[in-house]
Amino acid sequence: SDDPSYIYDGSYYPPTSITSFVLRDTYDLIFYLYFTFPPSVDGTHIVWLEFVNPDGGMYLTMPIAFAIGERESLWASVDGWTVPVLETVLTKRGYATIFVLPVAGTDLARFNLTGKWTVRVSYRGENVLSQRFNFY
């Protein structure tokens, strides 16, 4: 299939919030992003994720596109990036989508970048979430 989005199978179980990971045993980190929007905001929305390494340097900054309601396109262009438009599911906490950060085989694993990391989420230029996690 040409659909790059996460396939939602109809079941939903809220994830457990785990914030510490053994780096050498981690293949991917899966982030569940929850958003609350009024019902009139159907369409494609963009959030930016910033991953800050333990030394305070920026490891990765990237946009995430997700759709509320019908997706108009499978892909979105954002500031020179072409990213998949992820589907969302309506939960008790609001709309949810999933983002996967590859770990195994990346510089993060190759250079053993352990320590306390921060992921920041911004929407329309405003920081809406900051979460710490640890690789050891």
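Strands (E, at least two residues) and helices (H or I, at least four) are DSSP runs, numbered from the N terminus. The model is predicted: local features need pLDDT of at least 70, side-chain atom pairs count only at pLDDT 80 or more, and totals for chains, interfaces and linings use all residues. Residues are numbered from 1 along each chain as its sequence is written, and side-chain values use heavy atoms, with hydrogens and water left out.

**View 1**
L60 lies in strand 4, which covers residues 58–68. Burial classes refer to relative accessible area: buried is under 20%, exposed is over 50%, and partly exposed is in between (1.4 Å probe, protein chains only). L60 has a relative accessible area of 23%, so the residue is partly exposed. Contact means heavy atoms within 4.5 Å. Not counting residues up to four places away in sequence, L60 touches L49, E50, F51 and L101.

H45 belongs to strand 3 (residues 43–52). Its relative accessibility is 8%, and therefore H45 counts as buried. A polar contact is a pair of N or O atoms within 3.5 Å; within protein, one must be able to donate a hydrogen and the other to accept it, and residues adjacent in sequence count only if both atoms are side-chain atoms. The side chains of H45 and Y123 form such a contact at 2.8 Å.

**View 1. The open sheet with strand order 2-8-7.**
Two strands pair if DSSP finds at least two bridges between them. Three strands make up this open sheet in the order 2-8-7, with antiparallel pairing. Strand 2 (28–35) and strand 7 (89–91) are at the edges with a single partner strand each, so one side of each has no neighbour in the sheet. On average, neighbouring strands of this sheet are turned by 40° against each other, direction ignored; axes are lines fitted to C-alpha atoms, for helices over the stretch in contact, and angles run from 0 to 180 degrees between N-to-C directions. Three bridges join strand 7 to strand 8 (residues 94–102) in the antiparallel sense. T91 is opposite G94 of strand 8.

**View 2. Nonpolar cores.**
A nonpolar core is a set of buried Ala, Val, Leu, Ile, Met, Phe, Trp, Tyr and Cys residues joined through side-chain atoms within 4.5 Å. The largest such core has 25 residues, of which L29, F31, F51, F99, F133 and F135 touch the most other members. At least two residues of this core come from each of strand 2, strand 3, strand 4, strand 8, strand 9 (115–123) and strand 10 (126–135). A second, separate core has six residues, including A65, A67, V83 and V85.

**View 3. Aromatic pairs.**
Rings of Phe, Tyr and Trp (its six-membered ring) pair if their centres lie within 6.5 Å; planes under 30 degrees apart count as stacked, over 60 as edge-to-face and the rest as tilted. The whole structure holds 10 aromatic pairs. With ring centres 5.5 Å apart and planes at 65°, F31 and F51 are an edge-to-face pair. F31 in strand 2 and F51 in strand 3 are 20 residues apart, and both are buried. W117 and F135 also pair edge-to-face, at 6.3 Å centre to centre and 85° between the planes.
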